[in-house]
Amino acid sequence: MRPINCIIQEVRSLAPQIRTFQLERDLDPGPGQYVMVWIRGVDEVPMSFSGPDTITVQSVGEATKALFKLGAGSSIGLRGPLGNGFVLRGKRILLIGGGVGTAPLAFLGEQASKRGMEVTSLLGFRSREDIIFQSRFEALGDTIITTDDGSAGIMGRAAAGLKELNLFEYDQIYICGPEVMMWDIISRTREHSSKTQACINRYFKCAEGICGSCCLDPDGTRVCVEGPVIMADRLLESEFGRYRRGPDGSKGPCRG
Amino acid sequence: MSSLTVHAGGLDLQNPVLLAAGILGTTGASLRRAALAGAGGVVTKSLGSVPREGHHGPTVVAVECGLLNAMGLPNPSYRNFQEEIEIARKGGRPVIASIFGSSAREFSQIARGLKADAFELNLSCPHAEKYGSELGRYPEMVESVTGAVKAAADVPVWVKLTPNTADILELGLAAQRGGADAVVAINTLKAMAIDIETGYPILGNRFGGLSGRAIKPVAVRCVYDLAAGLDIPVIGVGGITSWEDTVEMILAGASAVQVGTALQRGYGIFEEITVGLARYLERKSLTLEELRGLAGRRS
């Protein structure tokens with residue numbers, strides 16, 4: 001599809017370097033799906049939906065920096081919604097989010113709650129000032145917060161909150177966050193990997209499933225069309241958590 | 001089932017339907033997956049002598065009749081790609097390395113340093129400064145690059161031609177003089193799309209190359225002319241989406257075909273095409289060889 005023109009209705013700052021952009025259009029996305037955001041004259045980058053008509057963005061590079069210069073009334077081009085998002089299953093679900101990765105989970109949790117599911121959340125942030133969407137998650141059910149520096153909730157990484165939970169109680173687990181954090185969780189909870197859906201990140205160029213830049217080793221899964229939500233048991237047997245490819249296709253570390 | 005095996009461009013192929021360059025060719029895993037899905041051979045993403053990140057996005061935009069792209073030759077350099085080729089080879093089909101350079105010397109350096117079952121010279125990418133069609137539109141350049149790689153390589157050398165020229169046969173003849181084992185036609189057609197809300201060209205590179213259904217009739221004509229005028233095999237590529245398109249391309253004179261944009265529908269396209277092609281040959285009681293170039297013999 002050609003990018004469709006979309007006016008930004010409102011911009012809200014949630015935390016240092018994290019903003020929510022309210023779009024004039026509801027593209028009818030599913031949680032976990034993404035949209036290619038074209039900041040004209042700069043670049044086009046994939047972004048997750050934090051609601052039916054919002055994207056929540058962390059400023060990390062040239063394109064997001066340019067996006068942060070846009071205010072209400074500015075326009076962007078959008079291709080999407082794209083990819084396979086989360087699938088709701090069961091009656092009791094657990095959401096595990098880290099940083100800006102909590103965005104699609106807040107959206108998912110609200111849909112689950114509307115369907116009458118019981119939602120528990122475990123959310124990790126660097127520090128108190130980085131916490132986002134706390135009230136959205138708390139409105140859904142029990143919410144455990146961790147911070148790396150202990151300034152709020154349990155001190156430590158998100159995995160530090162696992163001891164508060166019995167993962168056998170949940171029909172399905174949903175996870176999204178920095179790759180190192182997700183890897184930390186899914187490698188510690190291997191026995192639950194077949195009921196864990198992870199929303200992951202790779203370098204997308206075409207978002208059409210043909211250029212190959214986002215393919216996962218060893219089976220060549222095209223994350224842009226077969227993901228970005230992938231079952232954790234498949235990730236455990238993949239490159240995930242060990243390396244990822246950059247824009248030139250070469251392998252690099254999977255920080256962030 | 002009719003046999004689909006074919007000897008084309010110096011390679012023995014299980015079937016004549018290959019994965020085109022630039023499509024799912026960034027990793028060994030995706031190339032292997034194409035091979036396991038039934039491709040007769042796979043062509044890598046084009047490899048150069050130094051890593052390149054490619055153009056800014058959007059790099060791809062779907063238009064009414066096909067796909068427009070300006071990836072900008074992103075690749076990790078040929079030195080960092082050998083291990084991917086080894087992985088791709090585990091798919092059990094020939095792996096053809098697409099390579100690019102800005103001079104005959106750069107091309108031959110890469111060909112000396114890289115191990116693959118064949119080389120495909122990218123003398124036709126329409127949207128990368130100093131590379132691709134910027135060399136490949138000059139017959140003397142095509143001949144000298146081909147000659148240099150032939151001298152450097154001990155495997156077959158294919159030359160991928162640009163349709164952005166008045167006379168593609170002239171380029172094909174140049175490749176043949178340079179010693180090419182086959183020509184591959186066509187690369188994308190130079191094209192662009194503009195955002196009507198803002199006037200911005202959509203592609204990050206402003207213009208790019210058009211692929212997909214829109215260019216198939218152009219490709220069929222190019223293959224027809226090349227097959228009529230050359231002694232070396234022609235590999236047809238451009239908008240092939242079905243077994244019917246494949247039959248048409250072989251009728252025009254193609255010894256094998258490559259599929260690219262149609263991979264949007266998934267890896268199943270290879271089996272879809274080979275099964276359809278085999279059934280067609282059976283129904284017509286024809287061999288692949290009898291089918292090839294039949295259009296040129298009809299008058």
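The model is predicted: local features need pLDDT of at least 70, side-chain atom pairs count only at pLDDT 80 or more, and totals for chains, interfaces and linings use all residues. Residues are numbered from 1 along each chain as its sequence is written, and chains are lettered from A in the order in which they are written. Helices (H or I, at least four residues) and strands (E, at least two) are DSSP runs, numbered from the N terminus.

**Contact between the chains**

- On chain B, 37 residues are in contact with 29 residues of chain A; contact means that C-beta atoms, placed from the backbone, lie within 7 Å.
- Helix H1 (28–36) and strand E5 (60–63) of chain B are the elements that give two or more residues to the side of chain B that touches chain A.
- That side of chain B divides into 16 nonpolar, 14 polar and seven charged residues. Here Ala, Val, Leu, Ile, Met, Phe, Trp, Tyr, Cys and Pro count as nonpolar, Asp, Glu, Lys and Arg as charged, and the others, Gly among them, as polar.

**Helix pair in chain B**

- Helix H3 (residues 104–113) and helix H5 (residues 139–152) of chain B pack with their axes 8 Å apart, at an angle of about 25°. Axes are lines fitted to C-alpha atoms, for helices over the stretch in contact, and angles run from 0 to 180 degrees between N-to-C directions.
- H3(B) and H5(B) are therefore roughly parallel to each other, a term for angles under 35 degrees.
- The crossing of H3(B) past H5(B) is right-handed, that is, the near helix is turned clockwise from the far one by less than a right angle.
- Residues of H3(B) in this contact include Phe107(B), Ser108(B) and Ala111(B), and those of H5(B) include Val145(B), Ala148(B) and Val149(B).
- By class, the contact of H3(B) with H5(B) has eight nonpolar, two polar and two charged residues.

**Sheet in chain B**

- An open sheet of four strands has the order E5-E6-E12-E11 in chain B, with antiparallel pairing. Strands pair if DSSP finds at least two bridges between them.
- E5 and strand E11 (189–191) of chain B are the edge strands, each pairing on one side only.
- From one strand to the next, the twist averages 35°.
- Strand E6 (residues 66–69) and strand E12 (residues 208–211) of chain B pair over three bridges. Leu68(B) has Leu210(B) as its bridge partner in E12(B), and Leu67(B) has Ser211(B).
- E11(B) is joined to E12(B) by three bridges, and Gly208(B) in E12(B) is the bridge partner of Ala191(B).

- Most residues other than glycine have a negative phi, and most peptide bonds are trans.
- Gly227(A) and Pro228(A) are joined by a cis peptide bond with omega about 10°; Pro228(A) lies in the loop between helix H5 (223–226) and strand E15 (229–231) of chain A.
- The bond from Ala185(B) to Ile186(B) is also cis, with omega near 15°, and Ile186(B) is in the loop between strand E10 (182–185) and E11 of chain B.
- Gln17(A) has a positive phi, near 70°, and sits in the loop between strand E1 (4–15) and strand E2 (18–23) of chain A.
- Gln17(A) has 15 C-beta neighbours inside 10 Å and so counts as partly exposed. A residue is buried with 20 or more other C-beta atoms within 10 Å of its own, exposed with 12 or fewer, and partly exposed in between; C-beta atoms are placed from the backbone.
- Ala207(A) has a positive phi of about 60° and lies in the loop between strand E12 (196–199) and strand E13 (215–216) of chain A.
- Ala207(A) is buried, with 25 other C-beta atoms within 10 Å.

Note on methods: Contact = placed C-beta atoms within 7 Å. Parallel < 35°, antiparallel > 145°, perpendicular 65-115°, else oblique.
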